[in-house]
Amino acid sequence: KVAAVILDMGLGKTSITLTAIKELIDERKVKKVLVVAPLRVAKTTWKDEINKWDHLKGLTYSIVIGTPKERMDALNTKADIYIINRENTQWLVERCGKRWPFDVVVLDESSSFKNHQAKRFKALKTVRPRINRIIELTGTPNPHGLMDLWAQLYLLDGGQRLGRTISVYRDMYFNPDKRNRTTIFSYAPKDGAEQAIQKQISDICISMKASDYLDLPELVYEDIPVVLDDKAQRAYRKMEREMVLEVDEDTITANTAATLSSKLLQLCNGAVYDEEHNVAHVHDCKLEAFLEAVEGLNGQHAIVCYSFVHDKDRLLQALAKSNLRVRVYHDAKDKDDWNAGEIDLLLIPPASCGYGLNLQEGGHHIIWFGLTWNLEEYQQANKRLHRQGQDHPVIVHHLIVKGGRDEDVIRSLESKDAVQESLLESLKARIAAVKAP
């Protein structure tokens, strides 16, 4: 009745789960199912899978998205499965209260419930005793480290396996790591902790890798160095130095590090937001390297990952002079047009377009104009192309400013370090280097 289904991207988590739900409904063991998913997945992926497979015909669904009135109308619609975006978890719990109607809850991309302090986790925790069956689906259960597992497992078993509280879990499996006199910033796993945790949870978790079950094409990575010209180099170093001199590497916090790192990555891309959120242009070196990379595709289509709105705006402006069919991803029509070969370059923000989007029919190149520290977002975005049904080797192109913050991000992604820890340590090293005489 409780299960974490940890399957690599492309192994069919959604269709597997729907098949199980259909059988449970047919056997009258289940009446009402709630699926909680990322917004775009909630809008399209689950209904598409229900409509795709013959054996799932007959399942009815209602998508609980939109204004409060639209959500209430959807809740009052008779259906087997109710699909809601994860941001509205708290709203749903507050609305239903003690009259919780769902005997099955499916958490699609359960890693979005990894934060035990988040409102969505706390809300679901209050109704957990009223849920008869709970299924968690993910391809990346602990993208930032073993600490991510506790909240997800708690929603499954109420703390039976990994402890009733996060403090108990920490004491059992971790030692304090980075700290000052009063605050512990991070924890490191004790020797053998990973094996011990796996043993504890193995009876309710199943894990499968795509490489063991699918004949997938090769995944190739290409780092494209971006060398700043003298003018851009001076401007970059001046702004970098001014920003890093404002902080102290000995007392830097995660929030400060994230803000400063974002600024440095913007600088690598060529522009940066000022305090009034105006865009300050710095250089076009990465943009020029991007245009050369696109020209080198010789007409082959590519997905382009961007990080900031000003990146998207400058990309669109630069590409407006070309004859390429360029689109920014918005909805299912863009997905369909891409897969039909009607789009040459599809611009996507990986933070919101990584999950459940099947784009393998439209091309096999992905260009990272702006990099992300988030390993989960990075892997998920690449898997939009590298999945079952892809007929060509998938080539992932990274545009990397030499000597810039980009290099730190790539090193972190390659070593699969925890995001915050890698971000902090690499930033401290960069600050120290900038401050060196």
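This is a predicted model: local features need pLDDT of at least 70, side-chain atom pairs count only at pLDDT 80 or more; totals for chains, interfaces and linings use all residues.

Author: Below we take a few labels one by one and check each against its cut-off.

Reader: Okay, why is Gln152 called buried?

Author: Gln152 has 3% relative accessibility, and buried means under 20%, so Gln152 counts as buried. Its place is in helix H6. In space, Gln152 is 7.0 Å from Ser111, C-alpha to C-alpha, though 41 residues separate the two in sequence.

Reader: What makes Trp100 and Phe102 an edge-to-face pair?

Author: Let's begin with the general idea: a pair of aromatic rings is described by the distance of the centres and the angle of the planes. The structure holds 9 aromatic pairs. For Trp100 and Phe102, the centres are 5.3 Å apart and the planes make 75°.

Reader: Then why is the pair of Phe121 and Trp150 called tilted?

Author: Here the centres are 6.1 Å apart, with 55° between the planes. Stacked needs under 30 degrees and edge-to-face needs over 60, so 55° ends up as tilted. This pair links distant parts of the chain: Phe121 is in helix H5, Trp150 in helix H6, 29 residues apart. Phe121 and Trp150 are both buried.

Reader: How do you know that the charged end of Lys286 sits over the ring of Phe369?

Author: That charged end is 5.7 Å from the ring centre. The cut-off is 6 Å, along with a limit of 35 degrees from the ring normal, and Lys286 is listed as sitting over the ring of Phe369. Arg71 does this too: its charged end sits over the ring of Trp91, 4.3 Å from the centre.

Reader: What makes H12 oblique to H13?

Author: The two helices pack at an angle of about 50°, with axes 11 Å apart. Under 35 degrees would be roughly parallel and 65 to 115 roughly perpendicular, so H12 is oblique to H13. The crossing of H12 past H13 is right-handed.

Reader: And how do you know that the span of H12 is close to the expected one?

Author: H12 has 12 residues and reaches 17 Å from its first C-alpha to its last, against 16 Å expected at 1.5 Å a residue. Its buried residues include Leu287, Phe290 and Val294. Just after H12, Asn298 takes a positive phi of about 55°.

Terms used:
Residues are numbered from 1 along each chain as its sequence is written. Side-chain values use heavy atoms; hydrogens and water are left out. Helices (H or I, at least four residues) and strands (E, at least two) are DSSP runs, numbered from the N terminus. The expected span of a helix is 1.5 Å times one less than its number of residues. Buried means under 20% relative accessible area, exposed over 50%, partly exposed in between (1.4 Å probe, protein chains only). Rings of Phe, Tyr and Trp (its six-membered ring) pair if their centres lie within 6.5 Å; planes under 30 degrees apart count as stacked, over 60 as edge-to-face and the rest as tilted. Axes are lines fitted to C-alpha atoms, for helices over the stretch in contact, and angles run from 0 to 180 degrees between N-to-C directions. Angles under 35 degrees count as roughly parallel, over 145 as roughly antiparallel, 65 to 115 as roughly perpendicular and the rest as oblique. A crossing is left-handed if the near helix is turned anticlockwise from the far one by less than a right angle, and right-handed if clockwise.
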